[in-house]
Amino acid sequence: MSNLIQLGYEEKDSWVHKLDPRTKFILFIWASIFNYIFYDIYISLAFLISLIVLTIVGKVAKRILKIISIVLIPFYVLSTLVIALPIGFPYNETPLFSFTVFGFDVTFYLEGAAYVAIWTLRLAITMTSALLFFLTSNPARITTILLKLRIPYKYIYALLSVFQLIPIMQRRIQVIYQAQVSRGLNVNVGLFKRLKNFLAILIPLTLGSMSDLQLRAIALESRGFSAPVKKTFIVRSDLTKSDYVVLSVMVALSALFIYWIITVGLMVFMKGIPYIRPAG
Amino acid sequence: MSEEEGIEVKPMGAYGETILKIVLIPVIAALNYVTGAIVTLTRLPAFLDTWATSFGVIVAGLWVGALGGFLYNIIMALTLWGLPAWVWGFINVYIAIITWVFYRAGWVDIKKPVKLIAAGLITGFTNTFACTLVSVVAFGALPTAPSPFMTAVYAWALNATGNMVFASWMSSVAVELYDKTIALYIAAIVASALPKRFILTKSTS
């Protein structure tokens with residue numbers, strides 16, 4: 001799955017790109033928390049549609065929707081087949097529809113279908129908001145902000161350099177794989193041989209990465225990586241009017257959500273379906 | 001210029017090792033991440049995305065493996081899995097700790113396959129409880145892996161007991177035992193293939 005994602009920030013001229021990374025990160029946390037609190041398809045759908053609009057404005061909708069569908073469609077289909085069918089989900093009571101397979105009557109139940117839909121939407125929202133932050137935030141601005149928050153530079157380096165390393169390693173895997181195929185590597189083999197194939201790719205990749213380690217350490221030191229001096233910033237990151245607008249909307253909606261939770265409960269618009277906790 | 005002309009060549013000290021360890025942390029995270037791509041290429045029915053955490057512990061010590069593993073889950077939470085999945089990071093920290101314990105005890109050694117397999121099985125079994133907890137909190141105890149085998153085990157357990165948490169635990173057991181055993185074995189094999197100059201930890205032997 002991890003090879004399917006084209007990681008990384010792309011410079012684009014959009015309103016979402018101009019937002020401060022802190023605002024987008026708060027949006028990610030805020031959207032995720034409220035969606036895991038509410039148990040309501042309508043609220044989750046409203047959140048998801050709003051986030052998709054933001055991804056369109058941010059010109060990253062295509063990338064995000066591709067990732068979301070690759071991850072969540074199998075999750076949704078498999079979970080629905082297990083939970084909404086009469087396999088053992090204990091809350092299934094209301095039949096949605098029935099059909100016949102090989103002479104057996106199969107019924108889909110409302111409670112199971114709703115449970116899977118809500119959890120899938122929750123995941124879709126948290127993933128969309130995370131990717132919106134990640135794909136539209138300039139790493140240099142993130143570094144500046146993290147340094148301002150007094151996070152040691154070595155940890156910031158560790159976090160941000162992963163995103164540079166992953167595409168490098170993915171390219172190397174292809175090179176090693178092609179080389180191994182030319183040496184007779186066959187993927188249509190038994191389990192034990194597949195494990196050997198795995199090692200045939202993994203060991204050169206790891207050895208190559210380890211031999212780069214010293215080079216990278218020297219390169220970093222030559223630019224004063226661990227010099228005991230105050231770091232200066234090339235890029236500034238300040239909150240703008242747009243950030244304050246987005247933050248204000250989040251504060252106002254939070255007040256509304258808290259009001260709903262106190263007065264109505266966790267299911268505001270969805271009626272006729274029980275609130276189900278995974279642990280019963 | 002050479003040493004004979006008066007240039008003093010110093011061995012790499014603790015300071016240089018610290019820099020190397022810091023640079024190794026993102027490498028560990030990236031190796032865990034790209035393992036998914038190699039698994040897909042070689043069609044292995046496993047995840048193996050903790051092997052680099054164990055490898056980091058063997059090569060550079062507990063905190064490097066733990067931070068690398070934790071970082072991997074932060075990256076996954078920011079990209080593929082979403083916010084609640086950052087708690088998987090604690091599973092990687094647990095994997096790092098248990099690997100370190102077995103490594104210090106001399107069990108993570110390809111010359112001692114029985115002990116190494118036992119260490120993997122113990123790691124896998126104890127890890128199922130943590131996996132189930134994360135599955136309940138982050139994924140509603142639904143079948144999370146897009147694997148027909150795990151889903152079949154989940155469906156069987158749910159049908160037998162009507163308990164989603166138990167079904168989730170059973171599907172974890174079905175995979176974690178062999179997945180973590182193979183992952184630990186791979187970490188030991190790759191570490192043994194590494195030239196000694198890359199090993200930043202003291203030998204257990």
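Which residue just after H6(A) takes a positive phi? Arg150(A) does, at about 65 degrees. This is a predicted model: local features need pLDDT of at least 70, side-chain atom pairs count only at pLDDT 80 or more, and totals for chains, interfaces and linings use all residues. Residues are numbered from 1 along each chain as its sequence is written, while chains are lettered from A and ligands numbered from 1 in the order in which they are written.

Start with H6(A) itself. Helices (H or I, at least four residues) and strands (E, at least two) are DSSP runs, numbered from the N terminus. H6(A) covers residues 139–148. Ile142(A), Thr143(A), Thr144(A) and Ile145(A) are buried there. A residue is buried if 20 or more other C-beta atoms lie within 10 Å of its own, exposed if 12 or fewer, and partly exposed in between; C-beta atoms are placed from the backbone.

Now look at the strands of chain A. S1(A) spans residues 95–101. S1(A) is hardly covered: of its seven residues, the buried count is zero. Its partner is S2(A), residues 104–109. The two run antiparallel and are joined by six bridges. Strands pair if DSSP finds at least two bridges between them. Pro95(A) has Tyr109(A) in S2(A) as its bridge partner. Together S1(A) and S2(A) form a hairpin with two residues between them. In the turn, Phe102(A) has a positive phi of about 50 degrees.

Chain B has seven helices and zero strands. Of its 205 residues, 57% are buried. Take the contacts in chain B with a separation of 6 or more: residues 24 or more positions apart account for 69% of them. Two residues are in contact if their C-beta atoms, placed from the backbone, lie within 7 Å.

Where do the chains meet? The contact takes 63 residues from chain A and 52 residues from chain B. On the side of chain A that touches chain B, H8(A) gives the most, with 18 residues. By class, that side has 46 nonpolar, 13 polar and four charged residues. Ala, Val, Leu, Ile, Met, Phe, Trp, Tyr, Cys and Pro count as nonpolar, Asp, Glu, Lys and Arg as charged, and the others, Gly among them, as polar.

Last comes confidence. pLDDT is the predictor's confidence in each residue, from 0 to 100. Chain B averages 86, and 87% of the residues score at least 70. The model scores ipTM 0.84 and pTM 0.82.
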